[in-house]
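Good morning, and thank you for joining.

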Amino acid sequence: MINIRKLEADLWESADLLRSGSNLTSNQYCMPVLGLIFLRYAYSRFKMAEAEIMKNRPVRGGRVLPVEAGDFAAKSALFLPKEAQYNYLLNLPENIAAAGITNKEGHVINSLGEAVNNAMSLIEERSEQLAGVLPKSYTDFNDDILAELLRIFNNSALDEIGGDIIGRIYEYFLNKFAKNIASDDGVFFTPKSLVKMIVNIIEPQSGTLLDPACGSGGMFIQSGDFVNQSGMNANSAMTFYGQEKVEYNAQLCLMNMAVHGLTGKIKSGDDANTFYHDAHSLNGCCDYVMANPPFNVDKVKAESCQNAGRLPFGMPGLNKKKEVSNANYLWISYFYSYLNERGRAGFVMASSATDSNQGKDKDIRRQLVETGHVDVMISVGNNFFYTKSLPCSLWFFNKAKADAIKNKVLFIDARNYYTVVDRTLNEWSYWQLKNLNAIVWLYRGELEKYTALLAEYRHVLGSDKPFAEQIAELEAKIEALRAEAKAAAEAAAKRSKKKVQAEYDVKLAELNDTLTKAKEANWLHEKFGEGVYADVPGLCKIADKADIEAKGWSLTPGAYVGVAPVEDDGVNFEQRMQEIHQELLTLQKESNDLMETISKNLKEMGL
């Protein structure tokens with residue numbers, strides 16, 4: 001991950017500056033800082049879009065036509081007038097009051113805080129969905145602090161990271177400064193790789209997309225990217241709807257969508273509490289539903305849920321106070337109910353929900369399976385969430401399944417398949433996402449997509465040799481290059497050693513990256529060859545209704561895929577255990593001898 005930890009450290013430093021320079025609470029200063037990050041990221045996308053627009057810009061009368069706001073909308077970027085561009089704010093003179101700069105109303109700007117407020121107002125003026133959303137409280141802060149913040153966020157990592165950066169940074173702030181909010185009702189940021197997996201399997205193309213727990217809008221961003229990459233314009237092809245109880249999150253969602261050039265209808269506050277309100281009147285109308293709802297919410301008022309409808313399988317079990325004590329199956333019922341006759345849903349859910357027998361959960365799950373619309377179930381391992389270590393499951397519904405799989409469900413256990421980012425965070429790499437998606441393609445009979453992926457592997461590897469053979473060759477090259485690097489570093493002059501090693505490190509990193517791709521290609525090809533689906537023990541299985549009924553209507557992938565066979569390492573177990581026992585006895589004797597020596601030395605010292 002490019003500089004993400006460094007970026008987070010800078011953000012922490014910026015928060016310290018704000019804390020020392022103002023009397024605001026963490027909640028109050030969180031949004032202004034995110035507003036600056038929004039401006040920085042918006043400027044990055046603006047410059048990229050501007051460069052693309054200018055490539056083939058028409059010339060009239062010997063002059064290149066100037067760029068216009070409409071040009072940026074076509075590139076899914078936000079148009080920024082000069083006074084709202086990050087570089088403009090960054091390079092304002094120290095004595096702003098003497099510079100004679102005016103705001104959009106024509107009044108003289110006397111401070112950097114006023115200049116930033118003006119930038120936010122100019123953007124809101126050009127974006128209907130951002131009206132009243134962006135922070136404009138920068139005069140609360142000392143100009144020196146604001147200038148330092150602008151410098152801190154002038155970070156090239158923001159140009160490179162991409163994706164739902166505002167959501168990621170937002171969660172960072174919640175975790176550092178407002179942990180009570182971060183854990184409130186189980187709300188936390190959805191990891192990018194989980195969002196991508198949901199979007200890749202749902203495959204949005206056109207129509208209505210609802211996220212009834214939209215948070216900072218990651219589902220919308222990835223769906224927009226997916227549609228744009230298919231050659232369509234997301235804003236023309238899709239209509240995005242969101243509900244978000246926490247108004248703060250809804251503001252971030254609108255900021256996030258705007259910076260990606262997307263438009264949407266987002267409702268927030270109590271009237272957007274999905275438990276009790278269908279805020280957009282979309283029941284039975286959605287082509288796609290995607291969400292990462294809060295897990296295991298309790299004390300949900302049953303009567304209000306009943307009155308709000310969207311419970312095609314009935315109400316989950318209630319406690320003595322007539323409350324839903326675990327709302328997981330409320331969410332699951334709502335997601336299904338929102339779909340139209342050909343709709344698809346994909347969502348994150350607590351792992352416990354796949355075989356929960358609490359109240360009426362099992363009965364609701366049975367009814368779901370009997371519809372034939374449960375499509376794919378994926379188990380996800382620990383440490384995918386940025387601030388939580390819990391495992392989860394991805395659920396997929398499809399009301400337009402092909403006849404061949406109408407009454408079948410694909411189970412994938414991906415708990416042991418991931419890339420380690422660091423000690424507390426795992427993710428799926430680009431190729432791992434593709435590989436898991438490929439299993440779904442084969443289940444659906446979409447062989448051409450699988451074939452295209454193998455072709456993509458062969459293209460990036462630059463060889464048609466068997467993948468296992470390529471792995472062996474690459475490992476040999478890496479070993480030889482390491483030896484060469486060691487010799488070159490030893491032979492180099494003292495002042496050149498680091499430079500020589502750095503040059504070899506780049507070459508080794510490139511080879512290791514290629515080796516990783518080859519290993520992922522081999523992982524896929526070993527299991528499914530040129531494109532024949534087969535159940536793989538420990539990984540995937542297609543089960544029908546009878547199989548699921550026999551398992552007590554469980555939707556836990558591990559109950560179906562079984563355990564992967566353990567490879568025979570050729571070691572004689574009894575012989576090895578005898579060797580280990582002998583090693584242990586030797587170590588114990590050495591330990592006893594050492595203790596006797598220490599004791600003797602202490603006595604000689606009179607201790």
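Let me begin with a single turn. A hairpin joins strand S13 to strand S14 through two residues. S13 covers residues 419-422 and S14 covers residues 425-427, and the two pair in the antiparallel sense over three bridges. Threonine 419 has glutamate 427 of S14 as its bridge partner. Two strands are said to pair if DSSP finds at least two bridges between them. Helices (H or I, at least four residues) and strands (E, at least two) are DSSP runs, numbered from the N terminus.

A word on the source. This is a predicted model, in which local features need pLDDT of at least 70 and side-chain atom pairs count only at pLDDT 80 or more, while totals for chains, interfaces and linings use all residues. Residues are numbered from 1 along each chain as its sequence is written, and side-chain values use heavy atoms, with hydrogens and water left out.

Now the chain as a whole. The protein chain has 23 helices and 15 strands. Of its 607 residues, 49% count as buried; buried means under 20% relative accessible area, exposed over 50%, and partly exposed in between, with a 1.4 Å probe and protein chains only. The accessible surface of the protein chain comes to about 29,100 Å², and carbon and sulfur atoms hold 49% of that surface. These areas come from the Shrake-Rupley method with a 1.4 Å probe; for residues, only the protein chains shown count as cover. Among contacts in the chain with a separation of 6 or more, 73% are between residues 24 or more positions apart. Contact means heavy atoms within 4.5 Å.

I turn to the sheet. In what order do the nine strands of the open sheet lie? The order is S5-S4-S3-S6-S9-S11-S10-S12-S15, with mixed pairing. Strand S5 (264-268) and strand S15 (540-544) are the edge strands, each pairing on one side only. On average, neighbouring strands of this sheet are turned by 15 degrees against each other, direction ignored.

Helix H15 (residues 328-338) packs on this sheet, touching S3, S4, S6, S9 and S11, and its direction makes about 155 degrees with that of S9. Axes here are lines fitted to C-alpha atoms, for helices over the stretch in contact, and angles run from 0 to 180 degrees between N-to-C directions. Within H15 we find serine 337, which counts as buried because its relative accessibility is 12%. Leaving out residues up to four places away in sequence, serine 337 touches Asn283, Gly284, Arg310 and Pro312.

Consider strand S6 next. S6 (residues 286-291) and S9 (residues 339-350) pair in the parallel sense over five bridges. Cysteine 286 stands opposite leucine 339 in S9, and valine 289 stands opposite alanine 345 in S9. S6 also runs parallel to S3, to which two bridges join it; there, leucine 209 stands opposite tyrosine 288. Five of the six residues of S6 are buried.

Further along the sheet, valine 409 lies in strand S12 (residues 408-413). Is valine 409 buried or exposed? Valine 409 counts as buried because its relative accessibility is 4%. Beyond neighbours within four places in sequence, its contacts include Val374, Asp375, Tyr443 and Lys541. Valine 409 and phenylalanine 396 are 13 residues apart in sequence, and their C-alpha atoms are 9.6 Å apart in space.

Helix H17 (residues 430-444) has 15 residues, which should span 21 Å at 1.5 Å a residue, and its end C-alpha atoms are 21 Å apart, in agreement. The expected span is 1.5 Å times one less than the number of residues. In H17, 13 of the 15 residues are buried, and just after the helix glycine 445 takes a positive phi of about 80 degrees. In helix H5, 12 of the 15 residues are buried, so H5 is largely enclosed by the rest of the structure.

The largest nonpolar core has 127 residues, and Leu130, Ile378, Leu394, Ile412, Trp428 and Ile439 have the most contacts inside it. Helix H2 (residues 26-55) gives the largest share of this core, 15 residues. Apart from this core lies another, of 45 residues, among them Phe335, Tyr336, Phe347 and Leu555. A nonpolar core is a set of buried Ala, Val, Leu, Ile, Met, Phe, Trp, Tyr and Cys residues joined through side-chain atoms within 4.5 Å.
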